[in-house]
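Please open the model in a viewer and keep the selection panel at hand. The stops below say what to select next and what is to be found there.

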Amino acid sequence: MKTTFISTPTLWNSPRSAVARMQSDLAKANQEIVTGRYSDVGLQLGSRAGEGISLRQERAEIDAFASSNATISLRLSVTKNSLDAIRGTAETFLATVVSAPDNEIGPKLIVDGANANLNALTDELNRSAGEQYIFGGTNTRESPLKSYDAKPASAAKNAVDSAFLIKFKVPQSSSSLSSISPADMEGFLNTEFPALFDDTNWSKNWSSASGESIESRISSTERVKTSVSANDPGFRKLAMAYTMASDLGIEKLNPDTREVVVKKIADLLSSATNDLVKTQATLGESERRISNAAERMNLQKDILDKGIGRLEGVDPAEAKTRVDALTTQIQMSYSLTSQLRNLSLLNYL
Amino acid sequence: MGLSLALNTARSSLLSSSAQMAVVSRNTTGATDPSYSRKIASLVTGGGTARVVVGRASDNALFFKMLETTSSAANEQAILEGVEKLSKTVGDTDLNGSSAARIGALNAALQEYANKPDDANLARAFLDRAKELTTTLNEATTTVQSVRQDADTAIKNSVDRINNLLAQFDTINKTVMRGTATGADITDDLDARDKILSQLSEEMGITVVTREGNDMAIFTDSGVPLYERIPRKVEFVPQSPYSATTKGAAVFVDGVQVTGKTSSMPLHSGALVGLVKVRDDIAVTYQSQLDEIARGLIETFAESDQKAPYDLPTLAGLFTYTGGPAMPPDPTPLGLAGQITINLRVDPAQGGSLERLRDGGINEAADPTLKDEYKYNPGPGTNAAFSGRLFELSEKLGAVRTYDPSFGLGENATLQGFAASSASWLEGSRKASVTSVDYRTTLLSHASEALSNATGVNMDDETAAMLQLEKSYSASAKLISVIDEMLRTLLDAVR
């Protein structure tokens, strides 16, 4: 008579293979509790594994931006302080020039003030922060301006001296400067002198800065200018004004000619101040955009982290429940196995 | 006379009880052997004698089902082992060791460097990320080729095993045929023959035909004869070492090609099928995806002629390869991912200079009168914060490129996206493989259990049979002594 038949090997092996499987599941569940992620993320996600990688790629990019933006903010705030200083000095000097008395003290005040201010301007423009010359444009490893009254004479001073000599046939130190007419001086100040500060001559004699300011990427979609070049028109006008005031021998000029020069200096100073204000406004705009970008990127970071967590994370409570269930099952299977041992006819013979 | 007949019958009853006891002890010995089938002692009585015929519990349908499931499980298992080794090149997403993650790190380093191009530390960091990327691609190529090599070696071992088993089968088959002809007890030989068949089915799918006189013929599941009167030769030429351009050889059974795309009678299951799939299909596809990534990197970071009339060729920049500085040809050369390397002209450790990353000029025109043809930085001076070239590189790295749709990863993707898709594809294959192996293994264990239940030994059953036999033996022995008594009584009466 054929009834359902079970062979001894099947009977004895049935708990064994099941226990092996449960034990490996138990090990996996334990690991998941500890790490909070799937024990084999690639296996779990399958073809979504690339998503996890992409999210992390984006996260790394945002971290890179956060790090560069910190450096950029430093440079912007140092630049802002320098610009404030330069503008303040220019405004004070403008007041001095306009209110200078007409006797011998007036011109002396102007000349001394201009010398000091030109040196101060040079120092400010040669400022460095974070190992960069911040006014060098993209040429940040070279100091932008050479000192005007360096010994031996700087190229700038030589250019001014030779232009003066060519026009007026005498050097600035001559005693016959009082014979220069206002019209002549006017002509000099409107043509030959400004030519010394145009693009070519400025880059040749005065500044080794690059005309390109540093462009930075502050987020994956925005690029802004984050530095000021010493070749900016405002600085050139200031340099022109200070040189005009200090090196054209105004103390020796006759009062009418001096008048012309002083008027020109005042014009230049106010125009330069306007330019500087505009530059500061642009920088302020950049600063604002950087802080907005930083806020946005913080939010993005949170979203990405949450995304990664959702994709790969495991609820530890659920994993613990699994561990408990598996432990109970394994124990039951152990007790069944030991009971099977006693289920043999031989014990009853 | 009645008594002598009774005596003879009792004698043969004793013999048959002993024979049945022998069968019980054989069964008890083989109880835990999975390839042992239960021997059944059938008692044939007639004409005053009892004879024991030893038969064997067998179920052909279940047996062939088990062979089938063994082959499928072995097939999927071979594929899984190969894919698991390949997926080590992707690793856990948290470790950021995949080529996709390294490209992401390169991109981040490039961004930081582009925002402060005069910082030598950032330049150094960028170069280090680039080195890590080329190392990852090179090592991945090595892993892929070693997987192919391992598969090739495993195929060789499998083919050797098959040839061995066929030789053993030949011996056993002849024994079985001889035993059937002479009427001997061939049940143990039949067990051994079935065991060889199940070992054979692990290596390749087989179909079995039983012929006259218990002869067996074995065919592959595609119909090529493996054993017909004599064992057929299974041939395979292994290759070593493996490089990306090596083409693996096919397996030949009896002169017929049974693996590979050009085979007219290809195998359907068994470890051989899985191994060949890993060696010639999965690993090769993954290698070509890696090669495509390498190509993308070389093309993205290449330098073009910066001076009119812009007639000099585009040459390899930061990333170059053994065939550089010319651009890699179309179609992408096999194994490019193993050849990609950092250009010497950029690496300070090899006499290059880091500034060339920012300024260009990694390449120089062949004509010595042309200077700075490939220089991107216009100056003045060192122009150390020149970011134009770096931003250009960053944009190109994030640009969408076209890929061959035969990769199955879509036609348009950024380089990072393509690399991530490649990782997805691999992990997806692994997940599918694991599921498949689970399924097939379960089927196999069910089939094995069913077969075991039909043909296996139950110890309690045997023990109970043993008790019965003990009783019948003592009954026969008692009978003999009683008859002996009766005869003695008769003979005493005559004396």
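Select B:Asp372 in this predicted model; B:Asp372 is found in the loop between α8 and α9 of chain B. Helices (H or I, at least four residues) and strands (E, at least two) are DSSP runs, numbered from the N terminus. Phi of B:Asp372 is near 55°, a positive value in a residue that is not glycine. Most residues other than glycine have a negative phi, and most peptide bonds are trans. With a relative accessible area of 45%, B:Asp372 is partly exposed; buried means under 20% relative accessible area, exposed over 50%, and partly exposed in between (1.4 Å probe, protein chains only).

Residues are numbered from 1 along each chain as its sequence is written, while chains are lettered from A and ligands numbered from 1 in the order in which they are written. As the model is predicted, local features need pLDDT of at least 70 and side-chain atom pairs count only at pLDDT 80 or more, whereas totals for chains, interfaces and linings use all residues; side-chain values use heavy atoms, with hydrogens and water left out.

Next, go to A:Lys169, in the loop between α5 (155–168) and α6 (182–190) of chain A. A:Lys169 has a positive phi of about 65° although it is not a glycine. At 65% relative accessibility, A:Lys169 is exposed.

Two proline residues follow. Select B:Ser240 and B:Pro241: the peptide bond from the former to the latter is cis, with omega near -10°. B:Pro241 is in the loop between β7 and β8 of chain B. Then select B:Ala308 and B:Pro309, whose peptide bond is also cis, with omega near 0°. B:Pro309 is placed in the loop between α6 (271–300) and β10 (319–320) of chain B.

Turn now to the strands. In chain B, three strands form an open sheet in the order β7-β8-β9, with antiparallel pairing. Its edge strands are β7 (234–235) and β9 (256–257) of chain B, each of which pairs on one side only. Two strands pair if DSSP finds at least two bridges between them; β8 (residues 252–253) of chain B and β9(B) pair over two bridges. To view this pairing, select B:Val253, which stands opposite B:Val256 in β9(B).

Another pair is formed by β3 (residues 206–210) and β4 (residues 216–220) of chain B, which run antiparallel over five bridges. Within the pair, B:Val208 stands opposite B:Ile218 in β4(B). β3(B) and β4(B) form a hairpin with five residues between them, and B:Gly213 in the turn has a positive phi of about 70°.

Select B:Gly179 in helix α4 (residues 120–182) of chain B. B:Gly179 is buried, at 7% relative accessibility. Leaving out residues up to four places away in sequence, B:Gly179 touches B:Ala184 and B:Ile186; contact means heavy atoms within 4.5 Å. The C-alpha atoms of B:Gly179 and B:Asn363 are separated by 82 Å.

Show both chains to view their contact, which takes 54 residues from chain A and 53 residues from chain B. In chain A, A:Phe5, A:Gln57 and A:Arg217 lose the most area to chain B, together 15% of what that side buries. Chain A and chain B bury about 4,300 Å² between them, 52% of it on carbon and sulfur atoms. Buried area is the accessible area (1.4 Å probe) that two parts lose on being put together, summed over both.

Where is the largest pocket, and what lines it? Select B:Pro34, B:Met66, B:Leu444, B:Ser448 and B:Glu449, which lie nearest its centre among 50 lining residues. On a 1 Å grid over the protein atoms alone, a pocket is an open set of points with protein on both sides within 12 Å along at least five of seven lines, a cavity is a set where a 1.4 Å probe fits but cannot get out, and lining residues have an atom within 4 Å of a point. α10(B) gives the most to the lining of the largest pocket, with eleven residues.

Finally, select B:Phe126, B:Phe301 and B:Glu303, which are among the residues lining the largest cavity. In chain B, α8 (355–359) and α9 (388–397) each supply at least two residues of that lining.
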